[in-house]
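Me: Could you take a close look at one part of this structure and follow it outward into its surroundings? I would like a single connected account, with the cut-offs stated as the terms come up.

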Amino acid sequence: MSRKRKIDSECRIFNEQWTYDYFFTQYKERAVCLICQDIVSVFKEYNLRRHYETQHKDKYDWLEM
Ligand SMILES: [Zn+2]
């Protein structure tokens with residue numbers, strides 16, 4: 001009966017590490033790209049990483065520490 005998992009709620013928590021990894025910050029209930037101000041409404045690492053890799057990786061990869 002307990003099919004509901006905690007994963008669902010955990011996905012809604014913004015991970016501060018994403019700011020360093022993908023240049024996203026939290027604004028209210030959403031994640032906002034610091035580079036282009038695009039909004040990703042789902043707090044999933046995959047979504048943020050995909051945005052970064054498709055939109056900005058070429059220009060910002062050299063900033064990686
Ligand atoms: Zn962006």
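Reply: The bridge partner of V32 in strand 3 is I39. This is a predicted model, in which local features require pLDDT of at least 70 and side-chain atom pairs count only at pLDDT 80 or more, while totals for chains, interfaces and linings use all residues. Residues are numbered from 1 along each chain as its sequence is written, and side-chain values use heavy atoms, with hydrogens and water left out.

The protein contains four helices and three strands, where helices (H or I, at least four residues) and strands (E, at least two) are DSSP runs numbered from the N terminus. Along the sequence these elements follow the pattern α-α-β-β-β-α-α. The three strands form an open, antiparallel sheet in the order 1-2-3, with strand 1 (24–27) and strand 3 at its edges, each pairing on one side only; two strands pair if DSSP finds at least two bridges between them.

Strand 2 and strand 3 are joined in the antiparallel sense over two bridges, and strand 1 and strand 2, likewise antiparallel, over four. T25 stands opposite V32 of strand 2, and F24 opposite C33. In the hairpin of strand 1 and strand 2, with two residues between the strands, K28 has a positive phi near 55 degrees; in that of strand 2 and strand 3, with five residues between the strands, Q37 has a positive phi near 60 degrees.

C36 counts as partly exposed at 35% relative accessibility, whereas H51 is buried at 9% and H56 is buried at 8%; buried means under 20% relative accessible area, exposed over 50%, and partly exposed in between (1.4 Å probe, protein chains only).

H56 itself lies in the loop between helix 3 and helix 4 (57–60). Its side chain makes a polar contact of 3.3 Å with that of H51, a polar contact being a pair of N or O atoms within 3.5 Å, where within protein one must be able to donate a hydrogen and the other to accept it, and residues adjacent in sequence count only if both atoms are side-chain atoms. Beyond its neighbours within four places in sequence, H56 is in contact (heavy atoms within 4.5 Å) with C33, I35, C36 and H51.

In helix 3, H51 is buried along with L48 and Y52. Seen down the helix axis, these buried residues fall within an arc of 95 degrees, so they line one face of helix 3; the arc is that of the directions from the axis to the C-beta atoms. The face turned away from that buried side carries the exposed residues Y46 and T54.
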